[in-house]
Amino acid sequence: MPKGKMIPRNVFQVEFMHYPKHQQCAIDCLDQMELNGVMPDSESEEILMNTFGMYSHPVRKHRRMLYWMPKFKHASPWRLPESVPNNAFELAKLAVTRMCTVDPSSVISLFETKDVEDAIEDTWIVSGQSPTQQELLQNHPPEEPIKVEGPFRIFLRDQCVGYFILRAEAKPQPPPVKREYIDDVGSIKLWFTGDLEPDDMALIKPTSVHEQEDGIILAICATGTSGRDSLLSWIRLLVNTNPNLANVPVLFTQASPVGDVMTTGQHDETTSVKTVP
Amino acid sequence: MLRWQPVKFVLGHPSRGKVIFGHPGIGRAMLGHQESHIAALGVTRGFSTTTQDSCTSPQVQEARDDGPAQQPTTLKPTHQPFVKNLFLGKFDKKMLTFPEVLDRDQHELLHEMIAPIERFFIEKVDGAKIDKEASIPPETLQGLKELGLYGQQIPEEYGGLGLGATEYARIAEILALDGSIAVTLAAHQAIGLKGILITGNQEQKKKYLPRLACGEWTAAFCLTEPSSGSDAASIQSRATLSKDGKTWLLNGSKIWISNGGSADLLTVFAKTPEVQPNGEVKDKVTAFIVERGFGGVSSSTPEDKMGIRGSNTCEIHFENTPVPIENVLGEIGGGFKVAMNILNSGRFSMGSSGAGIMKKMIGWSMEHAVTRKQFGHHLSEFALIKEKFARMSVAVYAMESMAYITAGVLDSHKNADCSVEAAIVKVFSSESVWHWGSECLQILGGMGYMKPYPFERYLRDARVLLIFEGTNEILRLFIALSGLQHAGIELQSLIKKLRNPLMNPGFILGKSIERLRHQKDNPKLDLDLAGYIHPSLKLGADSLEYCVKRLQYSVEVVLARHGLKVAEPENQLELARLADCAIDIYGMTAVLSRASRSYCIGIRNSAHETHVGVWKMARRGEVISTTITTTPYHHHYHPYHHHYHPQPPSLPPSTSNKGRLRHVRMSNCVPWASRRVWYGRFPSGCSTDRMKTRVPLYLQFYLHIVLPSAHFRSRVKDSSTVVYKLIFATGCYCCF
């Protein structure tokens with residue numbers, strides 16, 4: 001960034017954003033830093049001041065960032081320690097706990113693939129599921145398949161964790177209750193005296209946070225190897241707490257790993273794998 | 001064993017004497033004869049607190065009378081639900097005349113029955129031992145059986161005492177002296193066998209009631225499960241019909257069942273599959289009468305509890321228990337209504353048992369306060385202590401009044417729907433007992449905290465009152481939603497228009513002009529409640545009228561605001577406030593009616609009652625402290641006790657111990673009022689002989705400025721201002 005050239009020298013240059021595209025570029029850069037939570041320091045301020053002048057937009061933004069970001073440091077309820085552990089297991093626990101806080105009754109379980117018979121890989125599994133999700137799985141019709149999707153990425157400071165989800169197809173939302181129905185107070189039903197029929201409960205029964213537009217999330221996990229066999233072990237371990245899972249077909253949507261050593265007997269395994277209870 | 005003697009003559013005659021309202025000075029004879037003389041015969045009066053569509057029938061038997069006229073029970077008038085109509089602003093003025101259910105002979109009989117029970121409790125019941133060992137000794141239980149207390153409401157033809165609601169409430173007051181015994185008996189008769197009484201057919205009654213009445217068998221009520229306490233519709237116990245269709249097989253487990261360990265007869269609720277008209281199979285709750293002898297019934301060890309430790313509470317498990325189809329109570333699939341009716345019918349007696357507990361504790365604390373000296377003064381001279389006593393006396397008075405007015409209504413009407421009133425009594429009494437019991441402990445100081453003394457045991461026993469028989473939170477919602485449900489039927493079209501203001505501009509304009517007065521917190525008082533009670537209670541009646549009008553307004557506001565969504569979980573705060581208002585209004589009505597009656601018929605201490613009543617009206621009024629040297633408010637006091645002989649507690653003889661003269665000192669909180677008000681004795685009946693200064697001017701001033709308007713305003717204000725803002729936001733001209 002050339003120094004001195006882009007500093008405004010007279011009133012008109014100050015008024016009409018001197019070198020607008022350059023200033024906008026700098027502002028976008030600072031925006032990205034703000035989004036990612038990177039705080040600027042005095043050196044970058046020097047650079048900007050020398051380039052655009054003291055009263056330019058990038059420098060102003062820079063100063064604002066310096067003022068507000070320390071105040072918002074503690075805004076996130078999921079504060080991470082200054083240096084995130086390097087250990088993948090700890091990171092995975094942190095990540096899964098974070099994601100499962102959306103439902104306070106979630107239970108985080110730690111498994112070992114050693115406990116599953118016929119497991120090829122030997123690794124740890126961090127799995128998160130709540131009783132609501134267990135109920136949803138319990139009521140899932142056995143004909144509809146559910147998918148294991150992933151790996152998705154979640155960043156914890158500069159570390160990245162890959163996680164997988166167990167997802168079922170989204171249920172269509174019940175139609176919103178009509179205004180005339182709500183206006184009609186002639187038939188208030190006492191919901192705790194057994195007067196209510198299941199259709200009336202539509203007004204009262206909430207959809208849980210796990211039922212999203214793109215699908216119903218039934219469980220989350222992160223494994224040590226993120227390999228397909230560990231996911232299979234995960235499903236097998238989930239069957240212990242979700243007996244209905246044994247009846248539901250589970251599809252694995254992971255492609256076979258690139259460059260993996262395959263013996264000649266094996267097929268190309270991009271097709272679905274059904275679990276065997 | 002004391003029993004009712006059939007009364008051989010009929011008091012009054014079928015067409016009632018006229019009750020002349022507004023002339024309460026006229027003696028008792030006129031006021032008394034409303035609908036109560038049906039009670040004259042030795043008619044056994046069961047009662048039913050039913051909702052509109054319950055399938056019960058009043059359990060009133062034909063009298064065993066030798067009198068000439070058979071009094072058919074259908075002469076009892078019907079009763080409109082009082083509190084539900086309050087939500088519409090309709091005030092049933094008959095409630096301002098306190099129901100008199102017992103005539104003189106029945107009254108005396110009742111007191112003859114009570115005396116041995118009290119003696120039994122004082123002499124033979126060792127509460128501390130029951131609490132320590134967490135069990136009631138069998139001799140005590142045997143004594144209770146001999147007194148007939150196991151069959152209080154069972155009709156005489158089945159061997160019970162055949163008591164009505166009022167007598168039952170009175171006895172509950174005494175039984176409350178020991179919490180474990182009270183709960184054991186209540187679990188047996190108020191809920192355990194009540195199902196058979198209300199919903200059972202003749203064979204079931206003939207088969208089971210005699211044994212239950214004499215105490216040979218104990219009953220229990222099995223509804224609660226690990227996963228469903230308040231949510232009774234979600235129970236998971238199941239009953240399946242056997243192949244031959246003659247037995248139901250019961251499977252499931254119930255927890256926290258009182259009398260579970262010793263009960264021989266259980267009223268069990270389980271889900272049964274029912275085929276709907278459209279072919280679907282749904283699970284509905286059904287009630288069964290299960291004998292322990294059927295097999296498959298097992299109970300666990302008794303639970304260790306905070307209070308009522310003598311009562312046996314345990315889990316019960318059913319494993320393929322065979323239940324013959326004759327033992328289904330009511331209809332198959334109608335178990336929920338049965339459960340609700342059972343629970344609704346026993347609730348009101350909690351008011352009188354709460355009053356019993358409180359009176360005992362007030363007696364102890366009073367004794368302590370007048371004897372103990374600190375800083376050279378007796379505790380009773382300190383205003384803080386006086387305030388406590390004053391407020392708790394008011395609460396006890398209200399509890400009693402509410403319980404007995406509800407009992408009176410149940411006794412004197414056919415199929416009266418008192419479910420909301422009973423819930424109100426329960427909520428108010430349980431919370432008052434817990435709060436004021438704690439204050440009694442406070443007065444007793446360190447002594448109140450020590451185990452060797454009985455005080456803390458009473459408080460621990462009283463804690464469960466807020467939890468069982470319907471938690472107070474659920475009951476508040478029940479009170480509010482029942483009222484709103486009832487009101488919603490009539491207000492349906494009004495609310496529809498209110499909720500769509502842009503579509504009905506003319507209507508909204510007219511309505512807002514009507515409501516202008518409500519906006520200024522000055523509703524038009526056109527009910528003339530003061531005309532139905534003694535004139536000295538006029539202030540109270542006016543404030544009651546104000547409260548009723550404001551409740552009606554706030555009901556409209558709440559319904560217009562939320563519509564059908566008023567029942568949703570997030571709107572419970574407003575419902576709870578409406579329920580609190582309804583509770584207060586019912587309390588006020590009961591207190592006014594009782595104070596008016598006792599003043600008119602000249603019961604001793606009725607001036608004090610008037611005082612208490614009017615102060616209760618003010619609700620947040622200044623504390624009126626009374627130094628009670630003789631006993632206007634001892635625990636033997638009872639409104640029905642016409643020949644009341646005061647039993648002074650063991651007090652040191654004090655200055656004005658003349659028996660009738662009481663010395664009332666205004667509290668120091670009233671700085672400009674340091675004069676004393678002397679209350680002379682007053683004759684019975686005649687109101688012309690008034691006392692010199694009944695309600696002093698400054699006191700009236702006080703009551704006027706601290707009306708429950710303050711109480712109400714804080715509750716209704718939020719909703720009205722928000723509605724105001726809403727309407728403004730829609731661009732409509734309005735001031736709601």
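Read along the sequence, chain A of this predicted model runs α-α-α-α-α-β-β-α-β-β-α-β-α-β, which comes to eight helices and six strands. Helices here are DSSP runs of H or I with at least four residues, strands are E runs of at least two, and both are numbered from the N terminus. As for the ground rules, the model is predicted, with local features needing pLDDT of at least 70 and side-chain atom pairs counting only at pLDDT 80 or more, while totals for chains, interfaces and linings use all residues. Residues are numbered from 1 along each chain as its sequence is written, chains are lettered from A and ligands numbered from 1 in the order in which they are written, and side-chain values use heavy atoms, with hydrogens and water left out.

Of the 277 residues in chain A, 35% are buried (under 20% relative accessible area with a 1.4 Å probe, protein chains only; exposed is over 50%, partly exposed in between). Contacts, meaning heavy atoms within 4.5 Å, link residues 24 or more positions apart in 64% of the chain A cases with a separation of 6 or more. Helix H4 of chain A (residues 57–71) has 15 residues and should span 21 Å at 1.5 Å a residue, in agreement with the 21 Å between its end C-alpha atoms; the expected span is 1.5 Å times one less than the number of residues. Its buried residues are A:Pro58, A:Val59, A:Lys61, A:His62, A:Met65 and A:Met69, and their cover includes helix H2 (20–35) and helix H3 (42–52) of chain A.

Chain B, for its part, has 23 helices and twelve strands. Buried residues account for 59% of its 736 residues, and 75% of its contacts with a separation of 6 or more join residues 24 or more positions apart.

Where the two chains meet, 29 residues of chain B touch 20 residues of chain A. Together they bury about 2200 Å², 64% of it on carbon and sulfur atoms; buried area is the accessible area (1.4 Å probe) lost on putting two parts together, summed over both. B:Gln485, B:Arg499 and B:Leu564 supply 28% of the area chain B buries against chain A, more than any other three residues. One salt bridge turns up between the chains (a side-chain nitrogen of Lys or Arg within 4 Å of a carboxyl oxygen of Asp or Glu): B:Arg499 pairs with A:Asp183, the closest N and O atoms being 2.4 Å apart. On the chain B side, helix H10 (335–346), helix H16 (472–499) and helix H19 (538–562) each bring at least two residues, with H16(B) giving the largest share, 14 residues.
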